[in-house]
Amino acid sequence: MATVELRFSALPEHVRTARLVAAAVARRAGVDEAVLDEVRLAVGEACTRAVGLHQAAGITAPVRVALVEEEKQFSIEVGDEAPRTVPTAADGRPLPEDPEAEGEDEMGLAVISGLVDDVEVSSSESGGLIRMNWPTTS
């Protein structure tokens with residue numbers, strides 16, 4: 001199992017680099033050429049989402065990208081450190097979330113789901129992770 005790890009400052013200008021690296025490693029791993037544009041777009045969307053979450057929460061930690069070549073499968077994991085907790089009022093009742101921020105987040109996940117057949121999204125108080133998988137021909 002070969003792994004390439006990439007960490008970058010949560011700035012939009014670094015997303016392009018992550019996309020290019022992901023496409024190059026996917027090609028080398030044996031992902032079908034016809035799917036490489038989808039890999040590039042999905043990684044760009046996941047990284048843009050992570051950058052936005054970091055910036056909105058004022059997090060200075062880098063966005064993490066792991067590119068993993070396994071037998072018959074290539075995976076990309078995009079991780080962020082933006083906490084996912086339900087805001088509560090002093091009496092413990094949940095507060096409504098920002099509908100605009102929620103809509104942007106859901107839109108990004110919808111785009112990723114449309115591009116990748118095998119995608120897992122998880123989140124916790126310590127951050128979130130999007131894992132995308134593609135078959136390889138090698």
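Which residue of β5 stands opposite valine 119? Select valine 119 and look across: the residue is methionine 132.

This is a predicted model, where local features need pLDDT of at least 70, side-chain atom pairs count only at pLDDT 80 or more, and totals for chains, interfaces and linings use all residues. Residues are numbered from 1 along each chain as its sequence is written, and side-chain values use heavy atoms, with hydrogens and water left out.

Stay with β4 and β5. They form a hairpin with 2 residues between them. The two strands run antiparallel, joined by 7 bridges. (Strands are DSSP E runs of at least two residues, helices H or I runs of at least four, both numbered from the N terminus; two strands pair if DSSP finds at least two bridges between them.)

Now show the whole sheet. It is open, with 5 strands in the order β1-β2-β3-β5-β4 and antiparallel pairing. β1 (2-8) and β4 (118-124) are the edges; each has a single partner strand, so one side of each lacks a neighbour in the sheet.

Go to β1 next. It pairs with β2 (residues 63-70) over 7 bridges, in the antiparallel sense. Select leucine 6: its bridge partner in β2 is valine 65.

Contact means heavy atoms within 4.5 Å.

Last stop: threonine 136, in the segment after β5. Threonine 136 is buried, at 12% relative accessible area (buried means under 20%, exposed over 50%, partly exposed in between; 1.4 Å probe, protein chains only). Among the residues that threonine 136 touches are Ala29, Val31 and Phe74.

Technical notes
Lists of a residue's contacts leave out its neighbours within four places in sequence.
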